[in-house]
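Hello,

Here is the structure I said I would pass on. Please open it first, then read my notes below.

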Amino acid sequence: MADAWASAHEATRSADVALAAVPAGGDNRLPPPAMSEPWPVRLLLIAFALGFLGLFVVLPILSVFLEAFGQGLSTYVSRLAQPESLAAIRLTLVTASIAVPLNVVFGVSAAWVVSKYRFPGKSLLVTLIDLPFSVSPVVSGLIYVLMFGRRGVLGPWLEAHGLRIIFATPGIVLATIFVTFPFVAREVLPIMQDQGNDEEEAALTLGAGGWRIFWQVTLPKVKWGILYGVILCNARSMGEFGAVSVVSGHIRGETNTMPLQVEILYNDYDTVGAFALASLLMGLALATLVAKKIIEPRQFRR
Amino acid sequence: MNVSVKNVTKRFTAKGTPAVFDASFTATSGAITTLLGPSGSGKTTLLRVVAGLEVADQGQVFFDDRDVSRVPARSRGIGFVFQAFALFNHMTVRRNVAYALEVRGASEEEKRKRVAELLALVQLEGYADRYPRQLSGGQRQRVGFARALACRPSILLLDEPFGALDARVRVELREWLMQLHETTKLTTILVTHDQDEALELSAQIVVMDQGRVVQVGSPSDVYDRPRTPFVASFVGTANVLRGRVEGERVALGSLSVSVPSGTRDGAEVRAIVRPHDVRLAKNDGEQAGRSLGTITRMVGLGAHVKLQLELPSHDPVTVQLTRGEADAMGLAVGDKVVVDLAEAKVFVEDYSI
């Protein structure tokens with residue numbers, strides 16, 4: 001316990017150091033002054049870049065919060081606390097809390113298998129991991145409707161057994177898992193491949209068994225990669241719209257996740273309610289970026 | 001404990017050339033045996049087969065009389081030291097060293113005692129609570145040794161243990177390893193591509209080339225009586241001269257050496273000459289029938305002077321003299337000198353005679 005505290009403490013401390021070191025490291029890689037443009041050109045370029053960022057990123061972020069809080073904090077809280085929005089928040093949390101752990105297990109085991117063993121179909125597996133990134137989320141949702149829907153492959157069997165997947169929580173969870181499963185695997189795989197098997201082999205010659213090697217040697221090596229993957233995976237599973245929209249059925253208070261509920265509220269002209277919920281998603285996004293910034297420099301450190 | 005490797009073959013691809021082919025040798029109990037060869041010669045693969053980290057396609061590995069070919073690495077009772085250290089970076093030195101004991105469920109008291117013993121052995125007392133990243137390369141590798149020795153293995157396997165260190169530390173650790181071996185007297189197999197390391201440390205050298213064992217012998221066997229031109233040129237520096245047998249002599253361009261009788265007249269040969277087996281004399285004008293070489297380069301290396309000569313046949317020859325010899329002759333670049341060969345190892349069409 002004391003150990004865990006100490007290492008957590010150390011982690012935050014060196015995260016500070018790492019954060020502070022990043023801009024300095026970036027500046028070291030600037031081209032020499034001789035290669036630089038004359039100052040009016042430089043000024044123009046910088047102004048353009050900052051202006052673009054402000055117009056297309058900062059302004060929309062601000063407007064989300066301005067709209068949400070525009071009629072005061074009490075309105076914000078009351079619009080956020082309406083039963084349908086609360087149900088959407090609950091469903092989103094449930095979905096993420098199932099999808100993320102499953103994707104951690106899948107991602108780590110896929111990375112393990114790919115980096116430790118030689119087997120036929122390995123390159124196919126590596127390619128397939130990326131499939132959800134390259135297919136439209138709407139199609140991902142449709143796949144599940146075609147599988148589990150009333151007219152789908154497994155639909156009649158499910159109906160006969162009284163099981164509901166499409167237009168219910170299980171369908172939403174499945175669609176979310178599908179669109180988010182590359183995140184953890186994609187983060188962990190390169191780290192495992194990069195670090196090789198030396199330490200695992202060392203543990204083996206020292207008498208350790210496979211399970212112990214995994215927990216005591218492999219997992220600590222990739223923990224930052226896993227955490228990074230978890231954060232991205234979580235952000236996407238809470239924010240996913242397309243795939244979830246197809247399988248959800250939009251039953252108010254039952255099968256709407258936060259992004260779906262935002263759209264419904266907006267279409268109902270409940271602007272404050274929509275933006276209040278959106279502000280939560282935006283907050284999640286900003287928190288994700290901060291976490292990403294802290295973890296990134298630690299990830300590939302030996 | 002003797003380690004015997006019998007006819008081991010290992011392939012990584014079904015069709016390609018094997019990484020190790022039909023390799024056999026015996027590492028004597030209590031001595032250091034070195035697997036020496038260029039990179040890609042299969043020496044590391046062979047060591048990993050002995051460790052159980054690779055399974056041989058054919059052949060067996062014996063520890064004394066016990067066939068361990070099917071025994072998993074974790075049960076072979078070996079200590080393995082890796083080129084890149086392979087320390088557990090998230091564990092302290094103490095926990096790294098105690099890992100084998102931890103795996104076996106040793107008590108805290110037992111671990112504490114053994115770690116103290118081992119850190120004293122590798123001269124790292126006071127470093128127990130550091131992390132590997134806080135140590136220098138040489139210190140890390142000594143932790144690697146301590147960790148491998150923790151469970152009192154009967155065999156120590158070293159895979160280029162000094163390969164990731166800079167030259168100075170490498171020489172220091174070589175001395176240190178010699179002392180360590182004096183105290184532990186463990187049967188040790190060392191993989192290296194560094195011939196100095198091999199010649200200095202080993203009781204026995206196994207020279208490997210392209211997956212095959214080409215010669216097994218003591219350092220002086222391998223150096224003075226190489227069995228193939230490859231061994232001659234890989235172990236120690238060597239000049240290679242091509243020539244032809246003419247009666248009792250081998251003509252090597254403008255030089256010649258005697259050959260044992262029974263060699264076919266006119267046979268093509270390769271002669272291997274060590275730099276310190278070339279004799280030089282000042283050109284005194286009475287050089288009839290003797291070869292003259294021109295000094296093209298001179299480098300003083302401490303007690304020795306290394307010279308590069310060009311023979312009339314345009315063959316380059318490297319010569320090593322003591323500084324005293326060189327000074328006495330007053331040699332300079334551009335001088336012509338009389339060249340003679342004191343000793344040459346002659347190979348006819350790849351076969352030693």
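In this predicted model, the centres of domain 1 and domain 2 of chain B, taken over C-alpha atoms, are separated by 39 Å. The domain assignment puts domain 1 at 3-234 and domain 2 at 239-352. The two domains do touch: 6 residues of domain 1 of chain B are in contact with 7 residues of domain 2 of chain B. On the domain 1 side, the touching residues are 3 nonpolar, 2 polar and 1 charged.

Next, some strands of chain B. Strand β11 covers residues 239-246 and strand β14 covers residues 268-273. They run antiparallel, joined by 6 bridges. Within this pairing, Gly243(B) sits opposite Val269(B) of β14(B).

β11(B) also pairs with strand β12, residues 249-252 of chain B. That pairing is antiparallel too, with 3 bridges. Here Arg244(B) has Ala251(B) in β12(B) as its bridge partner. β11(B) and β12(B) make a hairpin, with 2 residues between them. Look at Gly247(B) in the turn: its phi is positive, about 65°.

Now the contact between the chains. Chain B puts in 18 residues and chain A puts in 14 residues. On the chain B side, the elements giving two or more residues are β6 (78-81) and α2 (93-103) of chain B. α2(B) gives the most, with 3 residues.

Best wishes

Methods: Residues are numbered from 1 along each chain as its sequence is written. Chains are lettered from A and ligands numbered from 1 in the order in which they are written. This is a predicted model: local features need pLDDT of at least 70, side-chain atom pairs count only at pLDDT 80 or more; totals for chains, interfaces and linings use all residues. Helices (H or I, at least four residues) and strands (E, at least two) are DSSP runs, numbered from the N terminus. Domain bounds come from an automatic or database domain assignment. Ala, Val, Leu, Ile, Met, Phe, Trp, Tyr, Cys and Pro count as nonpolar, Asp, Glu, Lys and Arg as charged, and the others, Gly among them, as polar. Two strands pair if DSSP finds at least two bridges between them.
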